[in-house]
Amino acid sequence: MKAKTLARGLGWFSIAVGLSELIAPQALARFLGMEKHTRVLRTFGLREIAVGVGFLLWPSRAAPLAWSRVGGDFMDLAGLGSALKGSPRKGHVGLALGSVLASTAMDAFCARRLGTRPT
């Protein structure tokens with residue numbers, strides 16, 4: 001698969017994930033056992049949407065945007081790792097951690113395929 005095609009797909013994926021975090025943070029927070037963190041989930045949703053729109057509007061900037069997704073993934077992993085300690089839904093948090101790890105791998109793969117390294 002071409003890196004630019006993958007980057008466009010990541011853009012749409014970012015928008016979809018971001019919309020779910022922005023529109024339904026309470027449902028996601030309940031699923032994860034993080035009911036007190038809906039504001040954080042909304043903020044992460046805005047970040048995802050911004051990056052996704054960036055992929056679609058500025059394909060020439062896809063590499064830095066892919067690396068910014070990697071950075072955002074690390075923020076998500078840190079939040080989920082912290083939630084794992086206190087959440088009564090550890091299995092759900094573990095599922096989310098696995099999903100974010102897979103997303104991180106895809107984001108890093110895309111960024112490397114686009115031919116740049118993070119600055």
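Residues are numbered from 1 along each chain as its sequence is written, and side-chain values use heavy atoms, with hydrogens and water left out. Because the model is predicted, local features need pLDDT of at least 70 and side-chain atom pairs count only at pLDDT 80 or more, while totals for chains, interfaces and linings use all residues.

Let's begin with the overall count. Searching the whole structure turns up four salt bridges (a side-chain nitrogen of Lys or Arg within 4 Å of a carboxyl oxygen of Asp or Glu).

Arg 47 and Glu 48 are both buried (under 20% relative accessible area with a 1.4 Å probe, protein chains only; exposed is over 50%, and partly exposed lies in between).

Arg 47 also meets Asp 76 in a salt bridge, with 3.0 Å from N to O. Because Arg 47 sits in helix H3 (residues 38–57) and Asp 76 in helix H4 (residues 62–86), this pair ties together parts that are 29 residues apart in sequence. Helices here are DSSP runs of H or I with at least four residues, numbered from the N terminus. Asp 76 is buried, as is Arg 47.

Now turn to Arg 69, whose side chain pairs with Asp 107 in a salt bridge of 2.8 Å, N to O. Arg 69 belongs to helix H4 and Asp 107 to helix H5 (residues 90–113), so the pair links parts 38 residues apart in sequence. Arg 69 and Asp 107 are buried. Through shared partners, salt bridges join Arg 47, Glu 48, Arg 69, Asp 76 and Asp 107 into one network.

Technical notes:
Helices (H or I, at least four residues) and strands (E, at least two) are DSSP runs, numbered from the N terminus.
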